[in-house]
Amino acid sequence: MKTDIRNRKDIEKLVNAFYDKVKKDDTIGYLFNDVAKVNWELHLPIMYDFWENILFYSGNYSGSPMVVHKELHQKSTMNQQHFQHWNNLFSETVDKLFIGIKANEIKERASNIAQVIMYKTLS
């Protein structure tokens, strides 16, 4: 039975499941694996902090996702479809694992963040 997102452990479960999909994804996987060459051992804890801060205001994230995405865009041109696909995968992962107010909130926040990063990266 699904529950709502309640804590960091749930954030870690979501982030791990999401990036497991991303790594294998035909549409955006190459951006992470081949272009950015993500070090997953370093990246995943940063993403745990990011999403925990977004959802629970933990204050444990300090970073600049805009800079990272602009640099990635310079290496390999991204487009609106990449961002939409990322958002679809994220929402699907949330829906598969969780249900509730926080689950809905993280999907909404992810969509808003993706829109802002897309606008600023592609313009």
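**Exercise 1. Find which residues line the largest cavity, and which elements they come from.**

Solution. Gln80, Phe83, Gln84, Asn87, Ser111, Ala114, Gln115 and Met118 line the largest cavity. A cavity is a set of points, on a 1 Å grid over the protein atoms alone, where a 1.4 Å probe fits but cannot get out; lining residues have an atom within 4 Å of a point. Helix 5 (80-97) and helix 6 (101-122) each give two or more residues to this lining. Helices are DSSP runs (H or I, at least four residues), numbered from the N terminus.

This is a predicted model: local features need pLDDT of at least 70, side-chain atom pairs count only at pLDDT 80 or more, and totals for chains, interfaces and linings use all residues. Residues are numbered from 1 along each chain as its sequence is written, and side-chain values use heavy atoms, with hydrogens and water left out.

**Exercise 2. Sort the lining of the largest cavity by class.**

Solution. The lining holds three nonpolar, five polar and no charged residues. Ala, Val, Leu, Ile, Met, Phe, Trp, Tyr, Cys and Pro count as nonpolar, Asp, Glu, Lys and Arg as charged, and the others, Gly among them, as polar.

**Exercise 3. Describe how helix 3 and helix 6 cross.**

Solution. Take the axes, which are lines fitted to C-alpha atoms over the stretch in contact, with angles from 0 to 180 degrees between N-to-C directions. The axes of helix 3 (residues 40-56) and helix 6 come within 10 Å and cross at roughly 115 degrees. The two helices are therefore roughly perpendicular (65 to 115 degrees) to each other. Next, list the contact (heavy atoms within 4.5 Å). Helix 3 brings Phe50, Trp51, Ile54, Leu55 and Phe56; helix 6 brings Lys102, Glu105, Ile106, Arg109, Ala110 and Ile113.

Definitions and conventions: On a 1 Å grid over the protein atoms alone, a cavity is a set of points where a 1.4 Å probe fits but cannot get out, and a pocket is an open set with protein on both sides within 12 Å along at least five of seven lines; lining residues have an atom within 4 Å of a point. Angles under 35 degrees count as roughly parallel, over 145 as roughly antiparallel, 65 to 115 as roughly perpendicular and the rest as oblique.
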